[in-house]
Structure formats: structure tokens, C-alpha cells
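Trainee: Could you take me through one part of this model closely, namely how its helices pack against one another?

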Amino acid sequence: MMIVKTKRTSATSNSILDRAVDLEDAQHKDIFRLDHIEGYHELSAKTQAFFTTSVAKWDAEFYVKVDDDVHVNLGTLAATLARNRLKSRVYTGCMKSGPVLYHNPIAGYQLVKITCILFSFIRTNVKYHEPEFWKFGEAGNKYFRHATGQIYAISKDLATYIANNRPILHKYANEDMSLGAWLIGLEVEHIDERSMCCGTPPECEWKAQAGNVCVASFEWSCSGICRSVERMKHVHAKCGETAATLWGALL
């Protein structure tokens with residue numbers, strides 16, 4: 001099933017995109033929508049709504065969030081998650097950390113300490129700027145480890161925790177970091193699964209040829225597959241799992 005995690009794509013209903021989604025849903029009957037208005041700065045709220053609604057609607061061992069511009073081998077994903085199905089409170093993904101983007105109103109730049117001597121200026125990107133940067137300590141501090149937002153999975157008990165505590169879970173600017181914040185104080189096993197963040201060909205192709213098929217492939221420079229509509233089939237042809245792997249894992 002394709003999950004479109006929004007009921008409307010904008011505050012104005014019946015947009016061109018809304019109508020396109022309606023047409024696809026009428027044809028394939030495979031779209032599930034949430035009561036949520038799309039927007040980058042609403043991603044943390046959308047993530048809460050996704051887990052809350054999914055837990056209520058489907059009884060699953062794991063709940064997976066994946067962006068639509070990421071190539072995923074579903075059978076390999078299922079087999080990877082199955083290795084931890086007997087564990088409780090599991091949080092799986094490519095764990096990362098990075099500098100908290102501090103806003104500097106002067107010219108829109110931030111100062112990031114690299115060593116005790118050298119400093120570097122990084123342009124503050126509105127997309128990743130954290131308005132509540134002061135909560136994370138001094139300039140130069142990094143976020144705690146959390147799964148990158150392109151794809152991650154949490155076990156049912158963690159999804160249930162998010163659903164039950166949704167009103168009091170704080171939403172930061174970045175969705176992946178918000179999820180990490182909701183889980184960092186719990187007894188949770190963080191699993192750093194590097195096969196969930198392979199590069200596109202040739203990286204994932206070489207790994208597939210060696211028998212190490214990737215769970216997911218994308219490009220960090222685009223936070224997904226660059227020009228994914230044009231290139232997704234090519235990536236799948238080079239890095240996709242066999243039909244036997246797919247159906248063997250799912251069935």
C-alpha cells in the first residue's frame with residue numbers, strides 16, 4: 001500500500017496535486033491518507049499522525065517510514081527487520097549525528113567550531129535550521145544519534161508509545177531528530193543498519209553483485225534519489241533484489 005501521509009496537500013483543498021492523487025487512488029485503490037496538511041515544517045506532526053493512525057489501523061511488528069524518492073528492496077527490508085522481531089523497543093535505521101544549526105541574524109550565517117583554532121561559517125538553510133537551538137547547548141554542539149529521515153523502522157511498542165503520548169511529545173523543526181528525541185530517554189535499542197543508506201549505482205550495484213543487497217539506496221546530496229522520477233527504474237535495475245528474495249521474505 002502506498003501511504004500518502006496527508007489528507008490535503010495545502011490549506012486550499014482541491015489543488016492540482018490533490019486531484020492527481022484522487023485520480024491515482026480511484027485507479028489503484030492503494031492510497032491511505034491522514035488528516036494533515038502537507039508542509040516541510042509540519043513533518044514532525046505528520047510523523048506523529050502516521051504512527052498513531054498506523055498502530056490503530058494495522059497490527060504489525062514494525063512500522064516503517066520511507067520517503068518516496070528512496071529505492072527500497074522490500075524483501076531485504078523484511079528480512080532485516082525479522083532478525084530483531086523477538087526484541088522489544090527496537091529503533092532501526094542509519095544512525096547519524098550532526099551540528100545543530102544555530103541561527104545568526106547577521107547575514108544569515110552560523111558559526112560552527114571545527115577545532116580549538118579553526119572556525120567555519122555555514123550558511124543557515126531555512127530547511128534545516130533549528131529554531132530551538134539553545135536547548136542543545138553551546139554553539140558547535142551536535143545532535144544526539146538518531147536515524148536519518150529517509151527511512152527508518154520502529155517496533156510496535158514504540159509506535160504505540162508515540163500514539164499514546166502524542167499530545168506531550170515535543171515537535172522540533174526536523175522530523176528525524178524529533179523521533180530521536182522522543183526515544184532517546186527510553187530503554188530503546190538503537191540499531192545502526194548501514195544497508196538502509198547505501199548510495200545509488202555504482203555503490204548499491206557493487207554490493208548487490210557481491211551478494212549484499214541493500215535495503216535502501218539514495219543520494220545524500222539530494223536527501224533521496226536525485227531526479228527520482230527519471231532514475232528510479234534505473235536504480236532498481238542495477239540494485240534491485242531478485243523476485244525469489246522478495247517473495248521469499250514477504251511470504
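Mentor: The axes themselves are lines fitted to C-alpha atoms over the stretch in contact, with angles running from 0 to 180 degrees between N-to-C directions, and helices are DSSP runs (H or I, at least four residues) numbered from the N terminus. This is a predicted model, in which local features need pLDDT of at least 70 and side-chain atom pairs count only at pLDDT 80 or more, whereas totals for chains, interfaces and linings use all residues. Residues are numbered from 1 along each chain as its sequence is written, and side-chain values use heavy atoms, with hydrogens and water left out.

Helix α2 (residues 43-57) and helix α5 (residues 175-184) have axes that come within 8 Å and cross at roughly 55°, and the two are therefore oblique to each other. Their contact (heavy atoms within 4.5 Å) is made by Leu43, Ser44, Thr47, Gln48 and Phe51 of α2 together with Glu175, Ser178, Leu179 and Trp182 of α5.

With helix α4 (residues 156-164), α2 again has an axis approach within 8 Å, but here the crossing is at roughly 110°, which makes α2 roughly perpendicular to α4. On the α2 side this contact is made by Gln48, Phe51, Thr52 and Val55, and on the α4 side by Ala159, Thr160, Ile162 and Ala163.

Notes. Parallel < 35°, antiparallel > 145°, perpendicular 65-115°, else oblique.
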